[in-house]
Amino acid sequence: MNAINASSVASIRSPKSLAEICADVRAGRSSARVRVDAFLAEIAARDGEIHAFNEVHADAARAAADAIDATVKAGRDPGTLAGAVIAIKDNIVMREGHTTCSSKMLANYRSPFDATVIERLRAAGAIFIGKTNLDEFAMGSSTENSAFGATRNPWDTSRVPGGSSGGSAAAVAAGFCDASLGSDTGGSIRQPAALCGCVGFKPTYGRVSRYGLVAFGSSLDQIGPFAHSVADAALVYDTIVGRDALDSTTADSPSTPLAAKVAEPLTKLRIGVPREYRSDANAPAVAAVLEKAIVAAKALGAEIVDIDLPLTDIGISTYYVIAPAEASSNLARYDGIRYGHRASLAPGDDLEDLYSKSRAEGFGPEVQRRIMLGTYVLSSGYYDAYYKRALQARRLIKEEFDRAFTQCDVVLGPTSPVVAFPFGGKKDPLSMYLCDVYTVNTNIAGIPGISFNGGYADELGTKLPVGLQLQAPAFAEETLLRAAAMLERACAD
Amino acid sequence: MSEALSDADIRHVAKLSRLRVEDSQVSAMRTQLTSILGHISKLQALPTEGVEPMAHPMRIVNRLGEDEPKPCMPVEEFLKNAPAVVDRFLAVPKVLGEGGGA
């Protein structure tokens with residue numbers, strides 16, 4: 001039995017919400033330093049097995065905690081997230097330690113600046129405990145593509161935590177932090193949250209600044225939180241949301257604080273359930289959890305609306321053109337010249353050899369595959385057939401969601417058709433890509449999505465979490481989070 | 001459009017991608033990319049006549065910042081991550097001259 005087991009995970013969890021925990025720290029009823037030391041002890045004891053972290057910033061976290069406690073003692077307010085212990089996906093830059101993207105290419109990279117999300121969290125009193133593992137450059141759905149070794153699922157260490165933000169999901173699920181940040185290009189927050197049994201929230205494109213997030217697919221990427229509950233995720237989101245002069249794609253739409261609002265139930269909620277999301281491809285336990293949630297939602301007074309999203313299936317093809325195309329362009333910057341891995345040259349090698357050798361040595365197989373794929377679909381003769389057509393499909397997918405949201409307020413379905421799978425279970429790249437069927441269209445349309453735990457599967461005696469996903473129209477985060485909090489409670493009963 | 005890729009296609013795309021590919025890798029790459037492109041080719045069956053391509057989820061208009069000079073990152077900070085430095089410059093292999101690839 002490889003499981004750390006669910007009860008030990010649950011026992012670490014504080015019964016208090018993150019807002020209550022921070023209120024205690026702000027009022028001096030609880031010490032940030034004591035909290036940090038407790039998390040560091042958990043990490044020291046169990047992260048050898050889980051490998052959620054690429055790097056633990058023990059000294060910096062202790063110093064930050066001491067500063068918070070001193071601020072409270074001096075009678076000043078350290079901020080709304082005072083003492084919140086947060087782990088950061090290792091593709092978000094910060095001055096402490098390295099930012100590696102779990103790639104050999106950036107193994108020694110130290111950022112000279114902080115991402116905007118880091119600045120905002122720091123200013124609110126959050127404490128950063130370390131950098132979490134990911135599929136190299138956020139490309140993957142299992143965190144097996146890390147150059148530094150895979151992360152293991154805390155529920156069963158013979159299984160993957162999902163990806164690409166597998167380390168951030170596992171860190172929350174294992175009780176190594178209060179919350180974490182991930183990035184979501186095609187499901188990389190929501191799918192690992194589902195497989196690890198925590199909450200993972202991808203905001204509307206443009207809600208959260210991407211400044212300091214290492215670029216993968218720039219029209220798809222969005223930073224968001226992992227947390228133990230929808231309310232905790234909302235509190236972190238409230239801190240990082242908003243316009244940033246350093247990211248011209250951040251939206252002007254105002255966001256009112258949501259953490260205090262998520263507990264308010266919605267009285268007239270229409271939940272759309274697409275026929276395509278009740279697919280035969282769903283694992284039986286996934287299908288059962290979805291049907292149970294639908295019954296629970298009805299009991300809460302929500303109206304269930306059967307809807308159609310026939311383009312669900314074309315999403316994978318669309319995504320695996322657009323994302324690699326953007327990645328092939330974004331990753332062109334890793335050329336061995338200004339930063340990152342540089343290959344040693346043989347006599348007679350020229351600049352072209354420096355580029356191609358450095359990139360072949362620095363990037364792992366999946367990253368190289370996606371660069372090749374993206375280059376191919378953008379190349380002369382294939383651009384119209386692949387890239388242009390994918391952009392047309394993108395508009396059709398967005399319009400399909402627009403129509404669906406005239407019939408319902410939120411769309412409910414599984415986050416992933418499968419539960420956490422064993423290591424090596426999806427060796428063929430295409431079979432791994434197909435797992436993203438319910439998450440990629442959210443990014444293609446730029447709308448928000450959240451995954452929360454809907455129930456559990458019993459896989460030969462091992463209890464594994466099953467995630468459910470809600471999606472909402474662009475900028476309708478308040479509806480999304482309030483609906484998610486309602487269903488989260490209903491599914492837990 | 002879902003025809004199989006050839007070894008020459010793989011070498012060409014690798015060259016465009018600035019990725020050195022060993023001969024031993026070509027065949028596996030060809031198989032994997034052909035399989036992925038086969039799936040992606042579903043797009044060809046989608047009726048898209050007259051649909052305007054959508055490159056971005058937001059209606060983006062150019063956004064201009066205030067034209068205020070601000071200090072930039074010190075060169076020393078920038079060079080800390082550089083793989084090879086000569087004085088205050090990034091060092092690169094010879095670009096011009098005998099044996100050069102330029």
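Me: Across the interface of chain A and chain B, how many residue pairs in polar contact does the rule find, with both residues at pLDDT 80 or more?

Reply: This is a predicted model in which local features need pLDDT of at least 70 and side-chain atom pairs count only at pLDDT 80 or more, while totals for chains, interfaces and linings use all residues; side-chain values use heavy atoms, without hydrogens and water. Residues are numbered from 1 along each chain as its sequence is written, and chains are lettered from A and ligands numbered from 1 in the order in which they are written. A polar contact is a pair of N or O atoms within 3.5 Å; within protein, one must be able to donate a hydrogen and the other to accept it, and residues adjacent in sequence count only if both atoms are side-chain atoms. Across the interface of chain A and chain B, the number of such residue pairs, both at pLDDT 80 or more, is 26.

Me: What area is buried between chain A and chain B?

Reply: Contact (heavy atoms within 4.5 Å) takes in 72 residues from chain A and 51 residues from chain B. Buried area is the accessible area (1.4 Å probe) that two parts lose on being put together, summed over both. Carbon and sulfur atoms give 66% of the area between chain A and chain B, which is about 5500 Å².

Me: Which residue of chain B forms a salt bridge with Glu352(A)?

Reply: A salt bridge places a side-chain nitrogen of Lys or Arg within 4 Å of a carboxyl oxygen of Asp or Glu, and the rule finds four across the interface of chain A and chain B. In the salt bridge of Glu352(A), the closest N and O atoms are 3.0 Å apart, and the partner is Arg18(B).

Me: Which residues of domain 1 of chain A lose the most area to domain 2 of chain A?

Reply: An automatic or database domain assignment divides chain A into domain 1 (6–262) and domain 2 (313–391), whose C-alpha centres lie 28 Å apart. Between these domains about 1600 Å² is buried, with 64% from carbon and sulfur atoms. In domain 1 of chain A, 40% of what that side buries comes together from the residues that lose the most area, Met105(A), Met139(A) and Phe216(A).

Me: How many salt bridges are counted between domain 1 and domain 2 of chain A?

Reply: In the contact, 19 residues of domain 1 of chain A meet 21 residues of domain 2 of chain A. The two domains share nine residue pairs in polar contact, both at pLDDT 80 or more. For salt bridges between domain 1 and domain 2 of chain A, the count is zero.
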